[in-house]
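Hi,

Here is the structure we talked about. Please open it first, then read the notes below.

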Amino acid sequence: MSGIATAGAADVARPGIVGARVQRREDPRLLTGRGTYVDDRKVDGAVHIAFCRSDRAHARIGRIDAAGARQAPGVLGVFTAGDIDAVARPIRATSNMPDYRATELEPLARGKVRYVGEPVVAVVAENRYLAEDAAGLVSVDYDPLPEVTDPEAALEDRALLHESAGTNVIAAREFARGDVDGAMAGAAIVVEDRFRIRRKTPSAIENRSCLAEFEAGRQALTLHASTQVPGLLRDALAEIFDLPGRRLRVVAPDVGGGFGAKASLYPEEVVVCALAMRLGRPVKWTSDRMEDLTATSQAFDEIVRARLALEPDGRFVALDADVIGDVGAYSIYPWTASLEPVQVVSFLPGPYRLQNYRGRVRAVATSKAPMGPYRGVGRPISTFVMERLVDMAAKKLAMDPAELRARNLVRDDEFPYKSGSGIVWDRSGFQDCLRSALDRFGYAQRRTEQAAARNEGRLVGIGIASYAELTGIGSRISAAPGMPINTGTERATIEIDSTGGVTAAFGIASHGQGLETTLAQIVAEELGVRVEDVEIIHGDSAAVAHSTGTYASRSTVLAGGAATLSARALRKQAIEAASYLLEAAEADIEMRGGVISVAGTDSSITLRELARAFYTEMRRIPKEARESLELSASATYDPFFGTTTGATHVAEVEVDPQTFGVTVRNYVVAEDCGRIVNPMIVDGQVHGGVAQGIGAALYEEVVHDESGQILTGSFVDYVVPSAAEIPDMAVIHLETESPSTLGGYRGMGEGGTIGAPAAIANAVADALSGLDARVNELPITPDRLFRLIRDAEQRKGESRYEA
Amino acid sequence: MERIDISLSVNGTTYERSVEPRRLLSDFLRDDLRLTGTHVGCEHGVCGACTVLLDGDSVRSCLTFAVQCDGASIRTVEGLGEIGALDPLQESFRKHHALQCGFCTPGMLMTAVDLLAKYPLSTDDEIREGLSGNLCRCTGYVNIVSAVREAAAARGNDKA
Ligand code: FES
Ligand code: FES
């Protein structure tokens, strides 16, 4: 365990609760089927929406015939763009980034449709069966418009998706540092390729769902939504409907996974709210899987041309990249279409020493579902590209790929290190991660075994990927470029009630991460109570004055920081109040396990007794003290810049030359997530992240045909890996406490997905190294692998296959 | 639409209801009986979130009509342990952190109940194969496999 904390001794909480494998308090309700996800909420009088969605990629909307639907049993109404526009402003994701063009998103399409799956008509009926029956009776005429589906063709602007933007390139940016052209020209070795990662969709197992209830008496609207960002939705909807925030509440109850898919505002959420107000009935919409696979935000769709130049000794000297991001039909709120592709160029230089860098990015609108955040955002792609280049260079230099990384990773004495794109890495264990991962993997031994397997003709490969990311980002850096929303602070309010119960309210929204448990651990430790005494409120816009939610690996760092600050403030006040009861000086009083005692004596009171004295037994604490003290405290934490999280993944795969399937045999992750709150939960986050990364590497792909029709509308066609495809894995934690965050925490929820695609791609390339196969496109499906091998064999003139 | 009278037992309680022939068992359980522990993730038979036991065999309640269950005995996640009194499989899931968002969990549990009743589950490969009809997007399966492995071993001890 390395680790320096710039925080003083007093900032480092007493060991015990933080760092322990505390069992999750979420589990009993979720294991017994007593959780409450949005669709589990059954309210009297609720009606259901079925959407008629566009079956054209790009077309002008003609006549809409809804006469039959209006007459169908149980139907309350059929609604189109005009009905919603009348009460709601369109959704507009703005940014002050130069070369960004905002696109307007109408909750129901008006004038034209821009992707297959775009909602056009909303049919409301007494239940979901009847709503879907009636939706089937609606007919919409479309006049086809020219296709805008291929991102490279769309760059030429021959047909425009958004006429008002004047171009399909809705965001562009360039990073440049040093003299790339000079360094490239003088370099001993240059490796380059055109890389592509195909479109993914986050596929949380719970589909999106929302339920709007309007209380006519209070003129107040409550939206229950399967979302990661209730606070962000509350603020956006307040503006869209011009309602004061105090009469608009957004609640995310139990949420069945998000991974970024539930971190944006969706048209359906606006429509349920508009129609609940109009109809005076609770209005629900629960997505089916086909809607989810077509109309939930998608991700990771980029083409990257990149070259890396090296000295003969392996030192990296220059990196040059051009990125085209296929961002789909609209700029998603609030992140904008620039989020994903700009991150690719921001993070491309990786955790390496590299001073000459140029990264250019264009975000191109096409007729596909909007691109949004998905676990890793941009970094799975940047890591795939950079790590492939590193392995290609190692091969060219005839150097071990582990050695080439060791020579270039930023060393411990070089932090803080400003990367080629301007990101500053704070002190973290880049080299340690590489070493630990290789050790645990048994690298040298496995290379020997690999050689033996190869001699038997088996295609076994080993792949390494190292990366770094920014997590726990504070107010100084926008979570998305130029976005006018504060995602950099978190506030916590902790209260001791009149029974001695402790309630801590946060703006984050846990949806699988176990934050009810980890935040309770932090509060309990800092306050001096038992974990089970602390109730955590989250996922409710009414619980806090301002909030956004949980995304961008921020919640442990930001909410943990706010929990620490407010718990300390509350502890101080509780001890002061107790000093009157214990008749002792505050400095002599300690609070532990919910008991407040005078050090070195047996004089003590429980939190419950303190609360009773403070709130009801009015003679025990002087009036002045009761008025100046509060048994509650609020605090806001802003990490300002945020911190660094780094890791190395090592994978071993075997390629089956008959089926062209890839089996992942061994997987090791060494990651530095700073101080750990709960190791069990950290392991779980890494496992889940890696599984999604393996999906991105080998299985998952949203496929459109040339006309923009989606071919992967079910879980039969969009392949999410099962237990049979995901291997056991070893996870090593380095715990270099972050020097930049309160408590030394680093964010780690996304990392698994960042490293895995690159590690798997390198392992497959290594398995095929005898063939010089160009592994430059993900996912490596059996079909792609077959072509890759056939093409490589044909180049070598030894093909087993017909040309 | 015409309705058909059915009578079935769910977790030991007998219910008599009149349902449309097209009503899915998943909707019947969730909406008519308000047993919302059974989840739906795809409604086309792939994700396994909706798995329940029908006369002792695991089935996808999204691919089963309620009318097909006339006279049958159904077991759902609500029929396992309770808060404060989890059953050993649920305890094992908790101990091994085999759930995160919990949405796949009822289906995983019911599938595991079926596997534990019928198969030796003596290797991880066998456990993984058995669970391969249930998708989990959160856990990467590692801890689910551990939880089922431990439950399988404990089952052996009980028998011995
Ligand atoms: S909901 Fe039944 S298998 Fe997915
Ligand atoms: S725990 Fe979330 S899908 Fe399995």
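Domain bounds here come from an automatic or database domain assignment. For chain A that assignment gives domain 1 (38-145 + 207-255 + 262-295), domain 2 (302-475 + 640-795) and domain 3 (489-637). Keep in mind that this is a predicted model.

Domains 2 and 3 of chain A

The C-alpha centres of domain 2 and domain 3 of chain A are 41 Å apart. Domain 2 of chain A puts 19 residues into the contact, and domain 3 of chain A puts in 21 residues. Together these two domains bury about 1,400 Å², with 65% of that on carbon and sulfur atoms. On the domain 2 side, A:Val677, A:Leu742 and A:Tyr745 supply 39% of the area buried against domain 3 of chain A, more than any other three residues. The rule finds zero salt bridges between domain 2 and domain 3 of chain A. It does find five residue pairs in polar contact there, both residues at pLDDT 80 or more. By class, the side of domain 2 of chain A that touches domain 3 of chain A has seven nonpolar, nine polar and three charged residues.

Chain B against chain A

Here 48 residues of chain B are in contact with 59 residues of chain A. The two chains bury about 4,500 Å² between them, 56% of it on carbon and sulfur atoms. In chain B, the most area is lost to chain A by B:Arg94, B:His97 and B:Arg137, together 19% of what that side buries.

Six salt bridges cross the interface of chain B and chain A. One of them joins the side chains of A:Glu700 and B:Arg137, at 2.7 Å from N to O. Helices H1 (25-32), H2 (88-95), H3 (105-118), H4 and H5 of chain B each supply at least two residues of the side that touches chain A. The largest share, four residues, comes from H2(B). By class, that side of chain B has 20 nonpolar, 15 polar and 13 charged residues.

One residue to look at

B:Asn134 sits in the loop between helix H4 (124-131) and helix H5 (142-159) of chain B. Is B:Asn134 buried or exposed? B:Asn134 counts as buried because its relative accessible area is 2%, and the cut-off is under 20%. Its side chain reaches the backbone oxygen of B:Gly48 at 3.1 Å. Leaving out residues up to four places away in sequence, B:Asn134 touches several others, among them B:Cys47, B:Arg60, B:Met108 and B:Tyr141.

Best wishes

Notes:
Residues numbered from 1 in each chain as written. Chains lettered and ligands numbered in written order. Predicted model: local features only at pLDDT ≥ 70, side-chain atom pairs only at ≥ 80, totals over all residues. Heavy atoms only, no water. Buried < 20%, exposed > 50% of the residue type's maximum accessible area, 1.4 Å probe, protein only. Polar contact = N/O pair within 3.5 Å; in protein donor to acceptor, adjacent residues only side chain to side chain. Contact = heavy atoms within 4.5 Å. Buried area = accessible area lost by both parts, 1.4 Å probe. Salt bridge = Lys/Arg side-chain N within 4 Å of Asp/Glu carboxyl O. Nonpolar A, V, L, I, M, F, W, Y, C, P; charged D, E, K, R; others polar.
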